[in-house]
Amino acid sequence: MKLTLKVWRQKNAQDKGHFDTFKVEAHEHMSFLEMMDVLNESLIAEGKEPVAFEHDCREGICGTCNMVINGRPHGPMQGTTTCQIHMRHYNDGDTIVIEPWRAKAFPVIKDLVVDRTAFDRIIQSGGYISINTGQAQDANAIPIEKDTAARAMDAAECIGCGACVAACPNASAMLFTSAKVSHLALMPQGRVEHSRRVQAMIKQMDEEGFGMCSNVGACEAECPKEISIDNIARMNRSYVASVLASEKAV
Amino acid sequence: MGISIIINSFVQLQTNDLITVFMNWFFNFLTSSIGRKVIMSLTGIFLMLFLIVHLAGNLQLLIPDEGEKFNLYAKMMTTNPIIKVIAYGNYFFILLHAVQGILLWSKNRSARRTRYAVATGASSSFASRNMGWLGVVIFVFILVHMGQFWFKMKFGDLPSVNYGQYADGVKDLYTPVAYAFKQWYFVTFYVISMVVIAFHLNHGFQSAFQTLGLNHRKYTPTIKVVGSIYSILVPLGFAIIPIFFFFFR
C-alpha cells in the first residue's frame with residue numbers, strides 16, 4: 001500500500017517547526033511503528049535525517065510511542081497505543097498527518113519527541129508511599145475487597161504517556177495526576193499519605209504549566225488505557241477535603 | 001495609653017495571623033487550578049438556581065391580565081429587601097463567573113501555544129469545547145437585556161399603572177417588554193441567545209458536579225439526565241415568551 005505521510009519536523013524546542021511530506025510503501029501487516037521504521041530506513045539510505053520518534057516496548061505498556069495521528073493521540077483506535085495499530089486499518093492512497101503532543105508543559109525535543117519530565121516531577125512530589133524497608137509483608141496480610149482492588153488496578157493501568165494532555169483542548173494533566181492519586185488512595189497502604197499527596201501533586205501539576213480541567217472528557221476518550229474521569233472527580237473532592245480539613249498546608 | 005497599645009498590638013497580631021495563617025492557605029486554594037474550578041462550579045450552580053426563579057417570574061407574562069401580575073411581581077423584585085441582597089449577590093456571582101471564566105480560558109489557551117494541524121473534536125461535545133465563546137455571547141445578551149429592561153425598571157422613567165395595592169401605583173414594565181417582543185430582530189436575538197444558553201447549561205450542569213467531585217456510579221447518570229432536561233426546558237421556557245408575544249399578542 002502506498003501512503004503519503006505529512007510529518008512534523010522540528011530541530012529543537014526553539015525551532016519553529018514545519019511539516020515534511022513523504023511517500024511510503026507499506027504492508028498491511030506492518031505495525032504503525034514498523035511503517036515509520038521503513039520511512040526512516042529510506043531516509044537514512046538517501047542520506048537524510050530520519051524522523052525522531054520515541055519507542056521502547058512496542059507492546060503497549062511503556063507509554064513512549066506518542067504521536068498525534070490525524071488529530072487523534074495514539075491514532076484512530078479505542079484503547080490502543082500507536083505501536084499496537086496495524087496498517088490494515090488504513091487504505092492504499094491514504095494521507096496520514098503525524099504531529100507531536102502539543103502542550104507548553106511538553107516542549108518538543110526533536111520532531112515527534114517531547115519532553116515529558118513534567119510528569120516525573122508530579123510523581124516525585126507525592127506519587128509514592130513511604131514504608132519501612134526490610135522483609136516484605138505477606139501480600140494477603142491486609143484484606144482488600146475485590147471491587148476496590150479492581151478500581152485501584154484500573155487507575156494503575158495509566159502508562160504516563162501523556163495522551164490525556166495531548167487530547168485535552170486545555171492541555172490539562174488532570175487525568176494523569178488523578179490516576180496516580182487514585183490508585184494509591186484506594187489501597188490501605190496509600191491511604192495513609194493521601195491527604196498530603198493530593199495537595200502536593202496538584203501543586204506541582206499547577207506549577208508545570210498544564211491547563212485547567214473543564215470536564216471536556218477528551219482525555220478519557222483518547223486514553224490508550226481507558227482511564228476514567230471518575231478519577232478526576234475523586235481527586236477534586238479529595239483536594240477540597242484535604243485543603244479544608246488538614247491542619248498543615250503543603 | 002497602655003490599653004490602646006494592647007488593643008493595637010492585638011489588632012496587629014490578628015491581622016498578621018489572618019494573613020499568614022488563614023489567607024495564605026485559603027488564597028492558595030482559591031488560586032489553585034481546582035480552587036478556580038470550584039469557584040466556577042459554585043457560582044454556576046447559584047446562577048442555575050437563579051434562572052429557575054427568573055423563569056418563574058417571566059412566565060407571568062403569559063397570564064392574560066394586561067401585565068398586572070407581572071408588574072406587581074417586578075415591583076416586589078425591586079423593593080423587597082431580601083430580594084435586593086440576593087440580587088447584589090447575583091450581579092457579583094455573574095461577574096465572578098465571567099471574570100474567572102476569562103482567566104481560565106486565557107490560562108488554558110496559553111497551555112497549548114502551537115495548535116494541532118488536524119483538529120477532529122471527535123472525542124468531546126461541541127459545548128464542552130466552546131464554553132468560553134458561548135459565555136461571551138451570554139454576557140453580551142445579559143448586557144443588552146439589563147440595558148433594555150433592568151435599567152428601565154431601576155432608573156428609567158416608566159409610566160405608572162395603579163392596581164389599587166399601592167397608592168402611587170407601580171411602574172409599568174409590561175408595556176416595554178411587550179413592545180420589545182413585537183420586534184422581529186429582538187425576538188430573533190433573544191431566541192438565538194436562549195439556544196446558546198442551552199448549550200452552555202448542557203455542559204455546565206453536569207460539569208459543576210464533576211468539578212466538586214460529586215461523581216458516583218449511582219447518581220451521575222441521573223445528574224446527566226436531569227442536566228439535559230434542565231438545559232432544554234429552562235431556555236425553552238424563556239424563549240416561548242417572546243415567540244408567544246410576537247405571534248399571538
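A residue counts as buried here if 20 or more other C-beta atoms lie within 10 Å of its own. Keep that in mind, because twelve of the twelve residues of helix α5(A) are buried, so this helix is largely enclosed by the rest of the structure. What you're looking at is a predicted model.

**The enclosed helix**
- Helix α5 of chain A covers residues 174-185, which makes twelve residues.
- From its first C-alpha to its last, α5(A) reaches 16 Å, close to the 16 Å expected at 1.5 Å a residue.

- Strands of a sheet pair through backbone hydrogen bonds, either parallel or antiparallel.
- Chain A has an open sheet of five strands, in the order β2-β1-β5-β3-β4, and its pairing is mixed.
- Out at the edges sit β2 (18-25) and β4 (72-73) of chain A, each pairing on one side only.
- Strand β1 (residues 2-9) of chain A runs parallel to β5 (residues 95-99) of chain A, and four bridges join them. One example has A:T4 bridging to A:T95 in β5(A).
- Strand β3 (residues 68-69) of chain A pairs with β5(A) in the antiparallel sense, over two bridges.
- β3(A) is also joined to β4(A) by two bridges, again antiparallel.
- Look for A:I69: its bridge partner in β5(A) is A:I98, and in β4(A) it is A:R72.

**Two domains in chain A**
- Chain A splits into domain 1 (2-99) and domain 2 (116-129 + 141-245).
- The C-alpha centres of domain 1 and domain 2 of chain A are 29 Å apart.
- Where they touch, domain 1 of chain A puts in twelve residues and domain 2 of chain A eleven.
- On the domain 1 side of that contact, you'll find four nonpolar residues, seven polar and one charged.

**Where chain B meets chain A**
- 35 residues of chain B are in contact with 38 residues of chain A.
- On the chain B side, α1 (2-31), α2 (33-58), α4 (81-110), α5 (126-129) and α8 (184-211) of chain B each supply at least two residues.
- α2(B) gives the largest share of that side, five residues.
- By class, the side of chain B that touches chain A has twelve nonpolar, 16 polar and seven charged residues.

Technical notes
Residues numbered from 1 in each chain as written. Chains lettered and ligands numbered in written order. Predicted model: local features only at pLDDT ≥ 70, side-chain atom pairs only at ≥ 80, totals over all residues. Pairing = 2+ DSSP bridges. Contact = placed C-beta atoms within 7 Å. Nonpolar A, V, L, I, M, F, W, Y, C, P; charged D, E, K, R; others polar. Expected span 1.5 Å × (residues − 1). Domains from an automatic or database assignment.
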